[in-house]
Amino acid sequence: MTDERSAPGAGGVLVVGGGISGLTAALEAAEVGQDVFIVERNPYLGGRVAQLNKYFPKLCPPSCGLEINFKRIKNNRRIRVYPMTEVKQVSGSAGSYQVTIETAPRFVNNNCTGCNACVEACPEDRSNTFNFGLDTTKAIYKPHDHAFPMKYVIDADACNKCGKCVEVCKYDAIEMDMAPKSMTLEVSSIVWATGWNPYDFNKLENLKPESSKAIISNMMMERLAAPGGPTGGKILRPGDNKEPESFAFIQCAGSRDENHLEYCSYICCMASLKQITYVREQYPEAKVTVFYIDLRTPGKYENFRDRFKDDGNVHFVKGKVADIVANDDGGVTVIAENAVTGDKVRETVDLAVLATGMEPAAKSAGAVHGLTMDDNGFIISDAGRGMIAAGCAKKAADVVTSAQNSTAAALQAIQASRR
Amino acid sequence: MDKNIRAYICTGCGIGEALDIEALSEVVSGEMSTECKTHEALCSAAGRAMIDGDINEGVNTVVIGACSPRVMQDEFNFGDDKISVRANLRENVVWCAGEDADAEYVQEQAADYMRMACTQADKTELPEAFQLESINKRILVMGGGIAGLTAALEAADAGYEVEIVEKSDALGGKAVNWRKQLPTRAPWNDLEEPSIGDLIKQVESHSNIVVKTGTEVARISGEPGEYLATFKASGTKSEWDAPAKVGVDEQDLIDKGEMEDPNAGLQHYMAANEAGEKFGSVVLATGWIPADVSGYEHLGHGKIANVVTNAQFEAMASKGKITRPSDGKPVESVAFIQSPGGEEDDKDFPYCNSVTSLVALKQAMFVREDNPEAKAYVLYQHMRTPGQMELFYKTAQNDDGIFLTKATVTGVEDKGDGSLMVAARNTLLNEDLLLDVDMVVLAAGMVPTTHDEATINLAYRQGPAFLDLELFDGYADSNFICFPYETRRTGVYACGGVRKATTMEETVDDATGAALKAIQCIESVDRGVAVHPRSGDKTYPEFFFQRCTQCKRCTEECPFGALDDDEKGTPKPNYTRCRRCGTCMGACPERIIGFKDYNVDMIGSMIKAIEVPDDDDDKLRILALVCENDAYPALDMAAMRRHKLNNLVRFISVRCLGSVNMVWIKDALSSGMDGVVLLGCKFGDDYQCHFVKGSELADRRMENIGETLGSLGLEPERVAVRQVAITDYDTIPEVINEFVEEIIELGPNPFKGF
């Protein structure tokens, strides 16, 4: 890897987004011999998958593949990485784009050794966005255990500018007066791998996530189960740290719904089944109810569903959830209608997990950069113009599919640079 | 290279406070005879300037005693012609020492890591890339359906020459029989006119593409960059057909006449066909065949004329108005059955994926197109229209003539007049259904061509087919979620229906990705570097064949089939098939395989450099050989979290546990160390080893070495393999402690001091 210290050359490929799709597109192109720039909004690479505890259906940790990808980046001098950076403006046309990018101040420079002395000195806390606010970090913090680059960062909104971190840092790594930095890249094509955000579950009025801490999103569940998460991997109910004895998984929380996301978010059925394995590992007797419209576990994923066939404490109910009511004991009651029997179901559980879907992150910003988007905010590739969508910026997809279409995006980017 | 080695110790990040740096420097300058400097922050500009200054004066090999080799890689990279070796004093010693650390033990740890690093610097060499004498950059695409045509076109558009080999007499594959195709783009809500004709035209008119129809691959020999393919007319036999794998035991039986030679009449797998064509890499896009569903007797396929599969229905629909097979009556009602399992099983038909749900919706629309009064019933257990395809589902839902319900289909009966009775339970109407229809369409799956035939037909010693197909129900799929193109056959990239039942839209992306990988493999070979996962690695295994005993362990155990046999029976490496895991090096009992910067002597010497006190029963020494991709980062992260790691243990990172040679265990135990633990990835069907078999092979080898140790009077428990994931940073200290406790229980190595 070469970083911002070296001057970029012209005619390369710009990859916007450093999640699994952006990393894949960038590496696959660079390993053919292409010059590649990666810009990533976060202070670390890895995107959404860095927040996942395990992948389905293998139940392997995403950081294993990320470690390989980070190593590929470190060993490849054709790749330049710009964290905390966003695209501000795109001009030019196919074969020759001028892209203005802006890097937000990290307030920590490359001298940072990751020694953690600053964190010990910092008096201010901030909500830990990596863990969806389930815990806090100091105002100066390491993004997470497996962060790459392994550099600390200051959250300007939380920092009181007391200067204690500056005093304890032996390496002159902290620059409180760091300013945003702009530069213009000359590239022949752009891969948009801007990924997705979890659908804002506060918009789901009938599921009332604000009414109880026992209602969490599936991404929060990933963090609760992850060893690096807020509870060290122990699934506990937020708020009172109760060990839940019963769980409800509520599918299509926002997806397949005209009022929210009209499409299917592709991953949620398998994600919930995967999360049941997290529950099973920690709570062998816990009662689990899954409310679904269809179980979208096609093909080889059916084998994964089989593992719950003989589990008498896992119940699947076909039916959409109409309401969730908070109870005094900290739990909730889920109310649904069984679509096959017509019966009304009331299930009282300790923790309800909403399988919230994915919303394309470029939804609002994409049009600004001259991208063609569909009605739902997914980017429509125009390979001829060298404007290429990859991963979940293109369509709702799982990791395998994202890696496939990001590899495809790498070839389309190369074609554009060779035209 | 004549080495001028200098060592540097960083005193930053707590190292200076935790260690007696002067004493540590003396170990380096005295015992290791290497000049040693210290700096308060080696990674800083000043620290690196100090090293740069020495390099200007002739130092070409530096030993960095500082942080983990996983960080500050750029800072301590002094150019391709310099060697940089890291001693992980920060994460492996200081940060994991614990608050109550005994300074003497910690100091000994640090000294050992400096000894090992100096030894490594002495033994390692700069890599020299492997170059094929001549390289062919053409790409062979097997299969002329959507996947193959797309892969060919995309590779050709990037400037590569491509040859498509198609078994049938025409290009196009299954798609030429489609009336319409599923949506491939926004707004995702309507059928599209087939684009296959246009795709075929583009391919046929592309100056970079050669098409051979009516042709099959008899065999492919060679390696990436210089594959040699022999073609034959479809359906014929050839002396160049790919030979089946014959193991050593089987060959014995054949030689004794006790077994028929499966390869009788065929050319030897190592024979080179002069008439063959050369290629650089291969895209496998041989597609799928419709599944046979006649085994589901209650559904009547094969017995009742008007019960057809989705593939048969599509063929009928593409020819014109759909009529009943039994009597030619235009259909007025059709039931589409998605799940064959009755009350017992709500799965779709095998080999389905979500394509068959989508195809049923498409074909229901055909029924309505032909006759606006006709009814289509789609009976499903789970409607599989993932992602954007939900919008297509909605189009079907909005058609009053398409009746969609969850249903458990219990039987199909022929009513005698050509019409059929379909019985279903558990429907969304909360009642049982009896449907009177003209036809029933079963959602049969898509069986990959690799299910029943080798297909890729490699003339490899390890056999002609992809390995591990049974893990993927016969699909030529990857085991890796994040690396979907990685299989055990370098240079061959599968896409489309041969890898998974996919829609056209998915197939196009998959095929384009496969084309990229085929190109990337060729370009990597051209640069003399490895492909994934050690992409860019310039080293390759070198063999000292004079001492080879032809035991064939390397050939058998290579996860990627990189080794064949030469005419004398000596292993013949195919370097561009190699992924540089070092499994061959671990397997070799003669220790004649090694890399420039990673070999048996180097690691063995590092182990021997560890100081083993022979007069102190408390100071046991445990060696841990650690997978560099998962367990080693887990150790780093444990240290970052300031977990205490047992200070009797010395960690050495290895490329893969598969590369661990038995002699390292013997080196450790014979130098008086008390135990050896191997920390590697999970193995089994859901293996996480990126070299596929490394940790599993290591486990097997350790079982064998246990017997050897027993015969020497050493307890087999002194050597163990533990499976560790990269996220096990909170539990890895305990995994190690438990092993150390077991060794303490056993007592010191009785050979200590000898």
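In this model, 68 residues of chain A are in contact with 71 residues of chain B. Contact here is a distance criterion: the C-beta atoms of the two residues, placed from the backbone, lie within 7 Å. H8(A) gives the most, with 14 residues. Helices and strands are DSSP runs numbered from the N terminus; helices are H or I with at least four residues, strands are E with at least two. By class, the residues on this side of chain A divide into 30 nonpolar, 19 polar and 19 charged. Nonpolar covers Ala, Val, Leu, Ile, Met, Phe, Trp, Tyr, Cys and Pro; charged covers Asp, Glu, Lys and Arg; the others, Gly among them, are polar.

Two notes on conventions. The model is predicted, so local features need pLDDT of at least 70 and side-chain atom pairs count only at pLDDT 80 or more, while totals for chains, interfaces and linings use all residues. Residues are numbered from 1 along each chain as its sequence is written, and chains are lettered from A and ligands numbered from 1 in the order in which they are written.

Now take chain A as a whole. Chain A has 8 helices and 23 strands. Its radius of gyration is 22 Å, close to the 22 Å that the globule rule gives for 419 residues, so chain A is as compact as a globular protein of that length. The radius is taken over C-alpha atoms, and the rule is 2.2 Å times the number of residues to the power 0.38. Along the principal axes, the C-alpha atoms of chain A fill a box of roughly 65 × 55 × 35 Å. Buried residues make up 59% of the 419 residues. Buried means that 20 or more other C-beta atoms, placed from the backbone, lie within 10 Å of the residue's own; exposed means 12 or fewer, and partly exposed is in between. Of the contacts in chain A with a separation of 6 or more, 69% join residues 24 or more positions apart.

Next, look at strand E2 (residues 36-39) of chain A. Val36(A) and Ile38(A) point one way from E2(A), Phe37(A) and Val39(A) point the other way, and all are buried. In a regular strand the side chains alternate between the two faces of the sheet. Which strands flank E2(A)? Strand E1 (residues 12-16) of chain A pairs with E2(A) in the parallel sense over 4 bridges. Pairing requires that DSSP find at least two bridges between the strands. Val15(A) stands opposite Ile38(A). The chain runs from E1(A) through H1(A) to E2(A) in a right-handed β-α-β crossover. Right-handed means that, with the strands pointing away from the viewer, the path from the first strand over the helix to the second runs clockwise.

E2(A) also pairs in the parallel sense with strand E3 (residues 79-82) of chain A, again over 4 bridges. Here the bridge partner of Phe37(A) is Arg80(A). The crossover from E2(A) to E3(A) passes through H2(A) and is right-handed. In the loop between E2 and H2 of chain A sits Pro57(A). The peptide bond from Phe56(A) to Pro57(A) is cis, with omega near -5 degrees.

One more backbone feature in chain A deserves a look. Tyr266(A) has phi near 75 degrees, a positive value in a residue other than glycine. Tyr266(A) lies in the loop between strand E13 (246-253) and helix H6 (268-282) of chain A. With 25 C-beta neighbours inside 10 Å, Tyr266(A) counts as buried.

Now turn to chain B. Both faces of strand E6 (residues 162-165) of chain B are covered: Val162(B) and Ile164(B) on one side, Glu163(B) and Val165(B) on the other, all buried. Strand E5 (residues 139-142) of chain B pairs with E6(B) in the parallel sense over 4 bridges. Val141(B) has Ile164(B) as its bridge partner. Helix H6 (residues 146-157) of chain B carries the right-handed crossover from E5(B) to E6(B).
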